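Keep the structure open as you read.

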Protein chains: 2
Amino acid sequence: MNISALLTSAGINIAISVSLLSLYSILRKQPSNVSVYFGKKLASMCDKRNDPFSLERFVPSPSWILKAWETTEAELLELGGLDAVVFIRIVVFSIRIFCIAAVICIFLVLPVNYYGKDMIHKKISSESLEVFTIANVKEGSKWLWAHCLALYIISCSACFLLYFEYKSITKMRLAYITRSILNPSHFTVLVRAVPCSPEQSYSDSVREYFMNYYASSYLSHQMVYRSGTVQKLMNDAEKMCRVFKHVSSENSNRNSLPCHFCGVASNPFMILSNETESEKGNVRFDVLDLAAEKEYATAFVFFKTRYDTIVASEVLQSANPMLWVTEMAPEPRDVYWSNLCIPYKQLWIRKIATLLAAIVFMFVFLIPVTFVQGLTQLDQLSHALPFLRGLFKKKYVTQVVTGYLPSVVLILFLYAVPPTMMLFSTIEGAVSHSGRKKSTCIKVLYFTIWNVFFVNVLSGSIIGQLSVFSSVKDIPKQLAEAVPIQATFFMTYVLTSGWASLSVEIMQPFILLCNILKKFIFQIKEDPPDGTLSFPYHTEVPRVLLFGLIGFVCSILAPLILPLLLIYFLLAYLVYRNQIMNVYITNYESGGQYWPIAHKSTIFALVLTQIIALGVFGIKRSSVASGFIIPLIIGTLLFNAYCSQRFSPTFDKLAAQDFMEMDRRDQQDGRMEEIYEQLRSAYSQFRLSQDLCKAAPAHINHNENTCKDANTNSNEDQESIQDSEAALRPGTEIGS
Amino acid sequence: MNISALLTSAGINIAISVSLLSLYSILRKQPSNVSVYFGKKLASMCDKRNDPFSLERFVPSPSWILKAWETTEAELLELGGLDAVVFIRIVVFSIRIFCIAAVICIFLVLPVNYYGKDMIHKKISSESLEVFTIANVKEGSKWLWAHCLALYIISCSACFLLYFEYKSITKMRLAYITRSILNPSHFTVLVRAVPCSPEQSYSDSVREYFMNYYASSYLSHQMVYRSGTVQKLMNDAEKMCRVFKHVSSENSNRNSLPCHFCGVASNPFMILSNETESEKGNVRFDVLDLAAEKEYATAFVFFKTRYDTIVASEVLQSANPMLWVTEMAPEPRDVYWSNLCIPYKQLWIRKIATLLAAIVFMFVFLIPVTFVQGLTQLDQLSHALPFLRGLFKKKYVTQVVTGYLPSVVLILFLYAVPPTMMLFSTIEGAVSHSGRKKSTCIKVLYFTIWNVFFVNVLSGSIIGQLSVFSSVKDIPKQLAEAVPIQATFFMTYVLTSGWASLSVEIMQPFILLCNILKKFIFQIKEDPPDGTLSFPYHTEVPRVLLFGLIGFVCSILAPLILPLLLIYFLLAYLVYRNQIMNVYITNYESGGQYWPIAHKSTIFALVLTQIIALGVFGIKRSSVASGFIIPLIIGTLLFNAYCSQRFSPTFDKLAAQDFMEMDRRDQQDGRMEEIYEQLRSAYSQFRLSQDLCKAAPAHINHNENTCKDANTNSNEDQESIQDSEAALRPGTEIGS
């Protein structure tokens, strides 16, 4: 590929991006699309959709960009939670480090590469891209110190930035924990593997155990019940009610206040007829009856203080570590109820099984990727498929095929990955939505790095022979040979997957389509507002980190990629901020748990870059530069060891000191009773709290959260249905 | 090597072993050697050494064997502690599994190997050993199912035995913890990284912190002080006193009662003149003065109940995980005082540095091992050193050189390893003697498995080319080719290193020599009894596990090794039991922490065996057998995952339930005050408690342990001197 092919590709993508963004700025002004582009606002406040028709609605405007730019971090924290801030921080970190890298590499490394060999340069537009890579520097060149220096500067500034980011995010996490005063999960321990006893029920066992050993701190407990056919009946009833409601009521504005009052899914029930209500009462009665006899060996145990809670959760309870297993409970709205019924004994085997399944999936995926990669080497393809040879003679076809098609095919294949990994994480037995998403994020990250980066690098260079793993010692050398060659592919990957994915992200074409179908084909005017999305960290974090990895690895080898990446990250910054503010709802949070993943991934990228540089300098016979790289690798690894020593325990455990301070403050302010009151109904597995909302309006202030929480549980089944829908429109996960 | 060479080697070793054991049975009857062979009894009770001279003293007798055989496990537990029992259990496990393996392999596998090829067999004595290995089975033979079946039986019975051993040792560990009612370490938390404050001393910071956050459970605390020149002065004073005592008192029987009363090293002080006493008093005053101003950021904090202690030790104290780091304190006699002064911030870098140093040491060690291995291939050696060719023509020289010399040279080199690894573990910063020994044990185990097993296997087969690591995929195949060839070496290794090391172990030649020198050359009649040994788990556990590994790996490939190994393990059983009963003193215990090491090592050996079998079946073109091995590998790994889930947390943490029960029992019995009284003086860094012993005889019952404990600390410097002596006489470590 030469410069003009790159420019063609860039041109196509810029055109697509700009037109899509303009389209977005028009579409978002249409009242009918409010539910698509302002799902968050819709869920949290009354919308004013009675705008008069105006021409302004059909003129593209950059107002959303300004808004996204101007929002402060504090606002973002309030709107999207800590995870959103951490995600934006990952993007900001990438912008900062690649600004530094771009300046250094373009002014120092790029000229060295370009004039690396004594040759007559062609016109710049028809210059091959290889001229700009390190492949153009001749062996034993003295100018390799420039690359070495650039790598030192990039590595050091990356470590420097990483350290301060980690420090500030740790602080934010602590603030996040201490800020949430009325968080019921701080008082709750999830107890699993309650031993089975023939004399008493699980509930009695739990009470006896904690009354015996934690008499001074034990408050109460709540069992997890089997949700079977009755739950299904209730769901069916709800669906029927909803249909009934759509037919009977045309008034759409009634939606605004109650959704504030009692969560999202509760609204349809407010206007139920008396018959349905009494029927529901019966059903609920059955649930309670059934529940009493069908307990799982899992319970939520409430304690009197936060300190007691972390003590009970962190101490090994029984001499048999497979009994009385305790951990901090997730937040009520974060609980993944259907996984709580998994017997604890199964967890280890489930973890191993899903790990194996994920690995197998990663390797089976090789097949389409290897095929896609073949497309960048057209001569090989036309050897294999001679009937295409005529087609490839046309220049623009070649350019489109080499510059655009491989990435598109790869992206389409990649869309199947997040739902699959989400399925694995569900089977694995995560007890919280956020834990499941985090686990999926890690799986997708491994998958992406392996299948997009390594397989492309390795199979692209030695296509046809997959005996890559036979030699360990030569890996730096092999990578050093392969990466500069594949730089072209990565550039087009950034152009297509990167830029286009952002446009897709902001356009939300799948939901837009659904919305249009609903509104204009099926003539359903009122959206039930429960289809709002939660931020798909499990796809977006790996994507951003993958681009970071590509950026680091290519920085000194093929610096031309850096401007493209910088544009991507700047665009990502705007787009994701906009999405967090307007589209995604924060139903549950992991509390900044994505940062350690980003940190480790960045360290991996740095070390990989350094190892590849080692190989490159080896090939170029510059032993001095090679020698200088080794202390850099050791230094980076030591830095990582220090960070994981200094910061990461704060992300695994909660500090006793902070919790004790919080307890004291609450005790002094006399808030404890209020908290206990709230705890009683915080974790409700079945939808029983709607009555509370209606029956006891005096409790509204206390129970507001509770009701909302309780309602989110009910949406779980719905979510699992929507999860499978998400497989069709991947990249986002529909939360409750 | 053929059968007769093997028999020569076996003959030499049997003769040596038998004569050494006979010599031992004579030597142990000599009154002058009591301190060598009955160090334990000498330290714990008055010895009756006024035996009349009799002929019986010079006749070998098997009485010690009978005694060693008859001792029950309960007695052993009392005499040697849990670690000794666990060690004997490792030996017993090996005996059991290799009995099974020997029966199966000799009656099923050996005939298959021997008649594996259509060939005319020579006279059995001149038959090459290769005829008995799997190398003699022809390719594609149907009889390979016998090997596969044998491996299945061995693996399954090994897992079966491992499971029940783990279960029973876990039970024993729990009993060990709950049994030791007056253990001060159960009430003590070691706090490190106390933050530095300009306003107050470390001691005040500690008091303030724990009074603030653990007001209800905090009892008191004790700082760790800088031991500098004053401590040295005190040591010098003590040495002088000891010399003085040896000159002035000839009465040896006075030793008997006080050593029961106030520990070992305190005795010399009991008869000090008044001048020395008062001088010592001054010194002590200085120590206290100095100590107050020279505190380290480390403290022992005492709590009111055991439960509070584990809570404080397991909870993350501060939001900065590098401050207020808590862990369960080791037992007083187990504390490694000089490492307590290491700043906590250094620990991570020390760990990394020692890890790297240990790895470098492992690889540097390759050089002598590669040379030694050359000796088994005489033709190569005589090519390299032509002047030796004449020598090698004599048959017995060849047999001695190939059968005996390599192992002897290797053993001599190996003797330098444990002290080096002990040094690494000391630098690493272990806070307890047992922790240091356990860490050394792991290092030595890795070292031994790598340098004795792998390097011999790999360099032996592909001598001269060390490019072994280049190919990952071929490792099973390479191992499968190499191991049967090296079986000969392993047989001689078992014969020499195994059998002879046991003889050396029981003879204790180094100490015997020292004793003889002292008694007959320097005419020192009375031994100061503080030179008694603690069991060298860090050398003996890896040795036994290495033989286990060799046994598993060779079992189906070269079954002839199994009888030799069985003899080794049976002999080891008797010898180690004897040594535990008579020689070694149990000053400190890890509480069965060696079992998880043994378990993991055995699992590793099993999986390695299976992988090698996979390679062998691959070479022999038996795809069915290969196919059957893969589920076996998966099964073994799953078994390991289950065990580490089910049992290993009990070895890392202490169960809250058990501790709470113990607290309750003590509170009901009113023993708590007594325990608190004892805690006050349990951890004393300097020798201050001798006064207590003298000044307050009414406290004897309470303080007996305390004084003993306090005295052991004083022996630390002495121990470090003796450690360097141990480098000369490795295989054992001189405890305090």
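A quick definition before we start: two strands count as paired if DSSP finds at least two bridges between them. With that in hand, and bearing in mind that this is a predicted model, look at chain B, where B:L190 has B:F300 in β3(B) as its bridge partner. That bridge belongs to the pairing of β1 (residues 188-192) with β3 (residues 295-303) of chain B, which runs antiparallel over 4 bridges.

Now zoom out to the sheet around it. In chain B, 4 strands make an open sheet, ordered β2-β3-β1-β4, with antiparallel pairing. At the edges sit β2 (218-225) and β4 (325-328) of chain B; each has a single partner strand, so one side of each is left without a neighbour in the sheet. On average, neighbouring strands here are turned by 25° against each other, direction ignored.

What about the helices? One of them, α7 (residues 202-213) of chain B, lies across β1, β2 and β3 of chain B and runs at about 155° to β2(B). Helix α12 (residues 306-314) of chain B also packs on the sheet, touching β1, β3 and β4 of chain B, and its direction makes about 140° with that of β4(B).

Over in chain A, there's an open sheet of 4 strands in the order β2-β3-β1-β4, again with antiparallel pairing. Its edge strands are β2 (218-225) and β4 (325-328) of chain A, each pairing on one side only. This time, follow β1 (residues 188-192) of chain A to β4(A): the two pair in the antiparallel sense over 4 bridges, and A:V191 stands opposite A:T326 in β4(A). Packed on this sheet is α12(A), in touch with β1, β3 (295-303) and β4 of chain A, its direction at about 140° to that of β4(A).

So how do the chains relate?

Finally, the contact itself, which takes 32 residues from chain A and 33 residues from chain B. On the chain A side, α12 (306-314), α14 (344-364), α27 (623-646), α28 (648-652) and α29 (656-669) each supply at least two residues. Sorted by class, that side has 20 nonpolar, 7 polar and 5 charged residues. Why do the copies meet through the same surface? Because 100% of the interface residues of chain A are also interface residues in chain B.

Key
Residues are numbered from 1 along each chain as its sequence is written. Chains are lettered from A and ligands numbered from 1 in the order in which they are written. This is a predicted model: local features need pLDDT of at least 70, side-chain atom pairs count only at pLDDT 80 or more; totals for chains, interfaces and linings use all residues. Two residues are in contact if their C-beta atoms, placed from the backbone, lie within 7 Å. Ala, Val, Leu, Ile, Met, Phe, Trp, Tyr, Cys and Pro count as nonpolar, Asp, Glu, Lys and Arg as charged, and the others, Gly among them, as polar. Axes are lines fitted to C-alpha atoms, for helices over the stretch in contact, and angles run from 0 to 180 degrees between N-to-C directions.
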